[in-house]
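Here is a friendly walk through one protein model. Have a look at the picture first, and then we'll take it piece by piece.

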Amino acid sequence: MSYECMWVDSPVGKLRLVARGDALAAILWENDRPHRVKLEPLTENLDNAVLNEVARQLAEYFAGRRSGFDVKLDFKGTEFQRKVWATLLTIPFGETRTYGEIAAQIGLPTAVRAVGAANGRNPISIIAPCHRVIGADGALTGFAGGLKAKQVLLTVEGCHFEGSQQQALF
């Protein structure tokens, strides 16, 4: 089954929405690293119902009218990656977790770096909220969309940062 995509504007820049069948397969960043998420071939389809629904829900999220998403997700990755990404979905709106907390939650407390690597390959940014994962010291750390985008997303959710968290952006 092939992938269909469309671009949408957002407060964090252009986002490429990708669907496969009746499910969302990815939300990618305009300046995403090549091959961070491999989904090919891609065909643009501005009439795709799944993509238009995701665009609508994202607009509501950024406008402060939505705290959760209701779309079918199609994660493509290893079993370990899918376990990490499923755990991201359990982080409540407006809250953060550390990589260590995610590792402990999946029952592998020493797999902090592997959790970080899986988080970095999350294909469904924003909806599978990898932006809610922060460093053990509370600093905003690695994010495919960039640290400024991570700060915007967390601010949309009501998180405010001071000290080392803010300094990590510059």
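Is cysteine 130 buried or exposed? Cysteine 130 counts as buried because its relative accessibility is 4%; buried means under 20% relative accessible area, exposed over 50%, and partly exposed in between, with a 1.4 Å probe and protein chains only.

A quick word on ground rules. This is a predicted model, in which local features need pLDDT of at least 70 and side-chain atom pairs count only at pLDDT 80 or more, while totals for chains, interfaces and linings use all residues. Residues are numbered from 1 along each chain as its sequence is written, and side-chain values use heavy atoms, with hydrogens and water left out.

Back to Cys130, which UniProt lists as "active site" in an unreviewed entry. UniProt positions follow the numbering used here, feature names are shortened, and annotations may be inferred rather than shown by experiment. Cysteine 130 sits in the loop between helix H4 (112-120) and strand S6 (133-134). Helices (H or I, at least four residues) and strands (E, at least two) are DSSP runs, numbered from the N terminus. Neighbours within four places in sequence aside, cysteine 130 is in contact with Leu88, Asn119, Asn122, Ser125, Phe143 and Lys150, where contact means heavy atoms within 4.5 Å.

The loop between H4 and S6 also holds isoleucine 126. Its phi is near 75°, a positive value in a residue other than glycine. Most residues other than glycine have a negative phi, and most peptide bonds are trans. Isoleucine 126 counts as buried, with 0% relative accessibility.

Proline 41 lies in the loop between strand S3 (23-29) and S4.

Now for helix H5 (residues 147-156), where Ala149, Lys150, Gln151, Leu153 and Leu154 are buried. After H5 comes glycine 158, with a positive phi near 90°. Leucine 153 has contacts beyond four places in sequence with Val12, Trp29, Tyr61, Phe62, Ile126, His131 and Phe143. Leucine 153 and tyrosine 61 are 92 residues apart in sequence, yet 9.5 Å apart in space, C-alpha to C-alpha.

Asparagine 48 is next, in the loop between strand S4 (42-44) and helix H1 (49-62). Its side chain makes a polar contact of 2.6 Å with the side chain of glutamate 4. A polar contact is a pair of N or O atoms within 3.5 Å; within protein, one must be able to donate a hydrogen and the other to accept it, and residues adjacent in sequence count only if both atoms are side-chain atoms. The side chain of asparagine 48 also reaches the backbone nitrogen of valine 50 at 2.9 Å.

Here are the relative accessibility values for some buried residues:

| Residue | Relative accessibility |
|---|---|
| Cysteine 130 | 4% |
| Asparagine 48 | 8% |
| Leucine 153 | 0% |
| Isoleucine 126 | 0% |

Finally, UniProt places "domain: Methylguanine DNA methyltransferase ribonuclease-like" (unreviewed entry) at residues 8-75. The end C-alpha atoms of residues 8-75 lie 20 Å apart, and the span is 21% helix and 25% strand.
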